[in-house]
Amino acid sequence: MSVQSAAADVDVDLRQLFASLARNWLRIVLVTLVVTGLAFALAWLATPYYKATAKLEIGTRESEYTRPPGTNDDEKPILDEQGVATQVQIISSPDILKQVATKLNLDKLPEFDETLKMSALGRMLVLVGLKSDPFDIPPEERVLNAMHDKLNVYAVEKTRAIAIEFASKDPKLAAEIANGIANAYIASKGDAKLESNAAATDFLAPEIADLQKRVKDAEAKVAAFRAQSDLLMGGNNAVLPTQQLAELSSELSRVRASRAAAEASAESVRRALQNGGSLDSVPEVLSSELIQRLRERQVELRANIADLSTTLLDNHPRIRALKSQLADLDGQIRNEAQKIIRGLSAQAQTAKAREDQLVADVNTLKAASARAGEQQVQLDVLQRDANVQRQQLESYMASYNAVVSRKDRRYSPVAASLIASAQVPSQPYFPKIGPITGAAAAASLLLMAIGTLLGELFSGRAMRPAAGARFTDIEQVAMPAARVEPTVAEKHDGGRAFGPYEQGAAGYSIAEAELPTPPESGPTEDRATAVEASEPSESMPEPRPSRLGEIDVEKAAEKLIASGAARAIFVSPEGDEAAASAVLVAREVSDAGLRVLLLDLTASGAASRPMLDSGLFPGITNLLASEAQFSDVIHPDLYSDAHVIPVGTADPVRAMRAADRLPIIMQSLTTAYDLVVVECGAADAHGISRLVGEGTEVFLSMLEADDQVTQAAVKLIENGYPDVTLVTPVGHEPPGTPVPGKRSAA
């Protein structure tokens with residue numbers, strides 16, 4: 001369709017939403033008071049429990065005066081988070097709890113052994129199998145289970161402190177058990193240290209005797225090998241051949257570098273002389289004093305030649321003499337360069353001879369160094385073994401002396417101390433009557449408020465169209481009243497399938513909410529006027545037949561199924577009997593397997609009454625007046641699988657004050673159903689504008705092709721519905737060709 005609904009989006013009416021809290025305040029308050037009273041009674045009658053807390057510090061407690069020599073607190077590992085967690089598990093271990101239970105005779109108290117004083121309710125639960133029989137559990141295990149349920153041991157966050165909490169009905173007993181667990185843990189740590197010291201002495205004594213013998217043998221082997229190998233040590237703790245080899249290698253590298261430099265310099269000077277190039281770029285030539293003086297004389301002669309050339313010709317005797325001197329200077333410079341080459345060559349030959357001598361000496365020292373290296377490796381192995389044996393012996397002897405002294409004096413510093421003993425609590429920690437009652441009141445009040453708001457949202461009463469929807473003010477719109485005597489109407493319907501109400505109601509539609517109310521006429525006068533307007537006058541001439549192109553019910557159903565339309569709007573300008581088209585099309589589409597709902601917006605209920613055989617069902621007017629919800633107004637068709645929403649039984653005037661909710665209702669229905677068929681009665685284009693949306697098909701129901709139908713079709717086309725389709729009930733023959741501008745699916 002070219003026309004789409006502007007109210008496709010939905011907003012929440014916050015005023016209507018929160019007004020539901022005021023409407024239901026009595027129910028909310030009553031439920032809150034009942035829940036609060038129950039919570040107060042349960043908290044008042046509950047047995048009070050007292051909790052006592054003792055705290056331990058986990059850390060080294062060794063004195064600097066009793067610490068073994070060579071050790072300090074910084075060398076000992078600090079307990080990390082995992083270490084503290086391990087101590088927590090040790091404190092709550094069964095061994096510690098058994099010691100405390102035995103010392104305080106907890107197995108004689110009914111609080112820790114329910115078999116001593118079992119209630120009748122507990123025995124009944126055991127008999128019916130809802131609770132395990134405590135007599136099947138050993139007495140010691142029953143006590144430990146009870147202690148575990150009341151005990152809470154945890155590490156204090158970001159510290160190495162551990163808190164021991166114990167809850168009991170007796171406050172004094174709670175403090176005694178918490179302190180008893182802390183003291184039993186400290187005592188167990190001390191006993192463990194004494195046992196560790198005794199085990200250490202038993203292990204170290206034979207180990208020390210064995211190590212002393214092994215150290216003596218290892219040192220004897222080192223002395224014997226050093227005497228027979230004749231290894232002389234030089235500087236840097238290296239053998240003498242190795243040190244000499246290193247020095248000769250350094251000298252050989254220096255001589256090779258000197259020879260290479262001399263050869264390179266001689267070659268560069270020789271290349272410059274052979275190519276006739278300039279010798280100024282050669283460093284050895286530039287460093288010669290004689291060549292530098294000759295170069296200065298060349299510069300001086302060139303300057304004189306340049307000065308005389310300004311006044312004399314080139315063949316002048318003085319200029320020729322100067323040029324001859326300049327040529328002699330060039331020869332002298334080249335001779336000096338040849339001497340430099342010979343000197344560099346001699347230097348390179350000397351370096352070569354020295355290099356050959358050094359290479360021979362290095363080769364000799366290599367063999368000697370290799371032999372000394374092998375002997376040194378063997379000596380190092382023996383020396384290393386002797387050192388390891390001696391270090392281990394010294395370590396064992398120091399540890400043995402420290403352990404023996406602690407064992408003899410029974411000194412065992414424990415890495416834990418009681419930093420806060422448990423005090424007898426004066427106030428129970430459970431139950432807290434005030435907080436429990438307040439929390440119950442707040443929670444019940446909040447839940448009731450949320451439930452009320454959700455119910456208002458789901459009912460649709462708190463929803464309104466989004467801003468920009470095209471709706472006019474309907475506060476002063478007249479709603480033609482439907483007949484309120486459905487039983488009498490059923491008796492006088494004369495067996496007609498469509499038209500069970502008085503003829504005076506025909507032609508009106510709930511969709512035409514924008515029609516103004518006549519100032520001096522009531523509903524009775526409106527119906528009379530409608531009757532006069534709908535009945536043909538005898539004095540009027542016969543209407544001229546129009547040639548329209550319409551389709552039958554089967555073709556209309558096929559059209560809707562093929563196009564996948566979500567809404568089908570039916571307009572019946574001829575009155576209630578033409579509403580049969582909407583009913584028959586809805587049933588045809590439903591028989592095809594789609595979920596179909598028919599919404600009856602006619603004032604007389606002409607479309608819904610044949611489907612329900614009664615007009616007493618709640619319907620669209622009840623939904624608009626907030627007297628019912630969707631589940632109350634949707635009814636099944638008695639003769640097909642379709643559903644129907646009838647006109648309803650609410651006051652039409654009151655219902656039409658909420659007509660702006662019709663787009664919201666249509667949006668909800670199109671979401672739940674494959675197709676929503678709306679029978680609008682004799683509505684015009686403006687009346688159906690609030691019902692159209694995406695996927696909407698508009699149909700014009702007709703019984704006879706007269707001017708009334710033609711004018712209604714033309715008005716719909718002129719007002720934005722060019723794709724209007726004419727449909728006629730089964731049994732009416734298509735009367736001719738379509739009118740230009742209209743569409744027919746036949």
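**Exercise 1.** How many aromatic pairs does the count come to by the ring-pairing rule?

*Solution.* The model is predicted, so that local features need pLDDT of at least 70 and side-chain atom pairs count only at pLDDT 80 or more, while totals for chains, interfaces and linings use all residues. Residues are numbered from 1 along each chain as its sequence is written, and side-chain values use heavy atoms, with hydrogens and water left out. Rings of Phe, Tyr and Trp (its six-membered ring) pair if their centres lie within 6.5 Å, and planes under 30 degrees apart count as stacked, over 60 as edge-to-face and the rest as tilted. By this rule the count is four aromatic pairs.

**Exercise 2.** Work out why the pair of Phe203 and Tyr396 ties together parts that are 193 residues apart in sequence.

*Solution.* The centres of the two rings, Phe203 and Tyr396, lie 6.2 Å apart and their planes stand at 65°, so this pair is edge-to-face. Phe203 lies in helix α7 (residues 171-229) and Tyr396 in helix α11 (residues 317-409), which is why the pair joins parts 193 residues apart in sequence. Phe203 is partly exposed at 45% relative accessible area, while Tyr396, at 19%, counts as buried.

**Exercise 3.** Describe the open sheet, beginning with the order of its four strands.

*Solution.* The order is β3-β4-β2-β5, with antiparallel pairing, where two strands pair if DSSP finds at least two bridges between them. The edge strands, each pairing on one side only, are β3 (151-155) and β5 (416-420). From one strand to the next the twist averages 25°; axes are lines fitted to C-alpha atoms, for helices over the stretch in contact, and angles run from 0 to 180 degrees between N-to-C directions. Strand β3 is joined by five bridges to β4 (residues 161-168), and Ala155 has Ile162 in β4 as its bridge partner.

Notes:
Helix = DSSP H or I, 4+ residues; strand = E, 2+ residues; numbered from the N terminus. Buried < 20%, exposed > 50% of the residue type's maximum accessible area, 1.4 Å probe, protein only.
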